[in-house]
Every structure is written in structure tokens, then in C-alpha cells.
Amino acid sequence: MAPTSQVLTKHSSNVRTIILSRPQQLNALTLEMASQLLELLIAYERVPSVKLVILKGEGRAFCAGGDVAALANGSWKQGAVFFSRAYTIDYLVATYAKTQVRLSKP
């Protein structure tokens, strides 16, 4: 696994796995995490050999959404950037060219 702050990646043949790693906060996304996630999804979509992208969260939750506490303590500009990236991720996931799977524990 290659650590990228609170977003980890795993590579095996044609599969890329993205793991959100903030289990104490139920993997709530920070601006940094959203930026990394967006960058990875765009990069993996452009690689012809990647056939499957798996997204999962460490701990008991996949992702609780945005980290509201971090957004409330930041500037309005940071909040705007966060939501811009978050909605871009939503659009990208909805229109993604590769097969994708999101896993969460029951």
C-alpha cells in the first residue's frame, strides 16, 4: 500500500483500490482527501490497463460525507473549494468510464 495522507491506494494488475483512512471520523472527507480522491479517480480513468476501481473505507463506515467540523472552522473559500471538488467527484462517479465498486461493512 502506498500511503497518501488519509487516502491509501493499492494496485494489483488491472485493479486499483482507494481506501479512505480516517476511521475515527467515519472517513468523513476533508478538503485534502477530496482533492486526492478526485486526482486518483481522474488518473485511473485515463489508464487503459485499469479495468476496475474499488473504493472502501477503513473501520466501520465507507464515508460519512464531508467533515462538517473542518468546514465550519475553515474559511468560506475553503468550503467553496471543498464543495466544488465534492460535487465534481459525484459527477465523475456517476459518469465514470470504468467499472467501480464501493464497499462498506454491514
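Analyst: Let's start with a rule: two strands count as paired if DSSP finds at least two bridges between them. The strands themselves are DSSP runs too, E with at least two residues, while helices are H or I runs with at least four, and both are numbered from the N terminus. Before we dig in, bear in mind that this is a predicted model, where local features need pLDDT of at least 70 and side-chain atom pairs count only at pLDDT 80 or more, though totals for chains, interfaces and linings use all residues. Residue numbers start from 1 along each chain as its sequence is written, and side-chain values use heavy atoms, leaving out hydrogens and water.

The part I'd pick is strand 3, which covers 15-20. On one hand, it runs parallel to strand 4, with six bridges joining them. One spot to look at is Thr17, whose bridge partner in strand 4 is Ile54. On the other hand, six bridges also join strand 3 to strand 2 (residues 7-12), and that pair runs antiparallel. Here Ile19 of strand 3 stands opposite Leu8.

Now look at the turn. Strand 2 and strand 3 form a hairpin with two residues between the strands, and Ser13 there takes a positive phi near 40°.

How enclosed is strand 3? Buried means under 20% relative accessible area, exposed means over 50%, and partly exposed is in between, using a 1.4 Å probe and protein chains only. Five of the six residues of strand 3 are buried, so the rest of the structure largely encloses it.

Next, follow the chain onward. Together, strand 3, helix 1 and strand 4 make a right-handed β-α-β unit. Right-handed works like this: point the strands away from you, and the path from the first strand over the helix to the second runs clockwise.

Finally, stop in the loop between strand 3 and helix 1 (31-46), where you'll find Arg22. Arg22 makes a salt bridge with Asp67, and their closest N and O atoms are 2.9 Å apart. Asp67 lies in the loop between strand 4 (52-57) and helix 2 (68-73), so the pair ties together parts that are 45 residues apart in sequence. The term salt bridge asks for a side-chain nitrogen of Lys or Arg within 4 Å of a carboxyl oxygen of Asp or Glu, and by that rule the count is one. Both Arg22 and Asp67 are buried.
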